[in-house]
Amino acid sequence: MPDLIQISALSDNYIYLLHDEASGATLVVDPAEAEPVLLSLRQRGWTLTHILLTHHHNDHIGGVAELKAATGAKVVGAAKDHGRLPKLDQAVMDGDSVTVGGMTAQVLETPGHTVGHICYWFADQAILFCGDTLFSLGCGRLFEGTAQQMWNSLSRLAALPAAAKVCCAHEYTAANGRFAATIEPENQALRDRLSQVASLREQDLPTVPSTIGLELASNPFLRAADAQTFADIRRRKDTF
Ligand code: ZN
Ligand code: FE
């Protein structure tokens, strides 16, 4: 199994590194900043080979230029968003594969938070990099897409294996949980998750990666019965 490293950045962002020992390849997902990534690479003696981007927001691409200049790593992002992403070396669409050493990701287009948002699914490693589409106990705000689009996007992620690691880009779980509890106060899986989250945060520990199985049991946005219900919940969350 490859090494998965989680780096805290800005106020509540997570940047991920995934390293393939056999090939020596290392990828970073959504580098908000370059400095903590370069430090982490140095500490481990790893060389950055790929920079994977989920969407164009600055808290996901802020470190790309500096990392590219320092390492020459190949930048991968959505073809649909090439006009507002840093210069891409590989522009990808739904169903495309991204090869990083011995590891391969499938690209899933997941419009909703932005129209060009994509996720990377490493099936062999059971790792999902989902940016700002799916959060633990929540989902991204609908800045550009419609509720129907986000619902379709989340439904695709929900169909991944229960053991899939959900590597989202923000530590929003505690705040999401306070809202989730208003939607499903009787959900025992949610209650259990809320006490786990409270204890993790007291110790200043991350609550993610989560898993698809855990989110299916506790995340009201994934548990909504249909797109209309999802839209209602999303609207309520926006004014919570
Ligand atoms: Zn975003
Ligand atoms: Fe973000």
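**View 1. Lining of the largest pocket in the predicted model.** His113, Asp132, Phe135, Cys139, Gly140, Arg141, Phe143, Tyr172, Asn176, Arg234 and Lys237 line the largest pocket of this predicted model. A pocket is an open set of points on a 1 Å grid over the protein atoms alone, with protein on both sides within 12 Å along at least five of seven lines; lining residues have an atom within 4 Å of a point. The volume is about 180 Å³, taken as the space filled by probe spheres set on the points, which are joined across faces, edges and corners. By class, the lining has four nonpolar, three polar and four charged residues. Ala, Val, Leu, Ile, Met, Phe, Trp, Tyr, Cys and Pro count as nonpolar, Asp, Glu, Lys and Arg as charged, and the others, Gly among them, as polar.

**View 2. The largest cavity.** A cavity is a set of points where a 1.4 Å probe fits but cannot get out. One cavity of 30 Å³ or more is counted. The largest cavity holds about 30 Å³ of space. Its lining residues include Tyr14, Tyr16, Asp30, Phe129 and Cys167. Strand 2, strand 10 (127–131) and strand 13 (165–168) each give at least two residues to this lining. Seven lining residues are nonpolar, one is polar and one is charged.

View 3. Six strands form an open sheet, ordered 1-2-3-4-5-6, with mixed pairing. Strand 1 (3–9) and strand 6 (90–92) are the edges, each pairing on one side only. Helices (H or I, at least four residues) and strands (E, at least two) are DSSP runs, numbered from the N terminus. Two strands pair if DSSP finds at least two bridges between them. Strand 5 (residues 74–78) pairs with strand 6 in the parallel sense over three bridges. Valine 76 has glutamine 90 of strand 6 as its bridge partner.

**View 4. Helix 4 against helix 9.** Helix 4 (residues 147–158) packs on helix 9 (residues 227–238) at about 110 degrees, with the axes 9 Å apart. Axes are lines fitted to C-alpha atoms, for helices over the stretch in contact; angles run from 0 to 180 degrees between N-to-C directions. The two helices are therefore roughly perpendicular to each other (65 to 115 degrees). Met150, Trp151 and Leu154 of helix 4 and Phe230 of helix 9 are among the contact residues, contact meaning heavy atoms within 4.5 Å.

**Notes.** Residues are numbered from 1 along each chain as its sequence is written, and chains are lettered from A and ligands numbered from 1 in the order in which they are written. In this predicted model, local features need pLDDT of at least 70 and side-chain atom pairs count only at pLDDT 80 or more, while totals for chains, interfaces and linings use all residues; side-chain values use heavy atoms, with hydrogens and water left out.

Note on methods:
Parallel < 35°, antiparallel > 145°, perpendicular 65-115°, else oblique.
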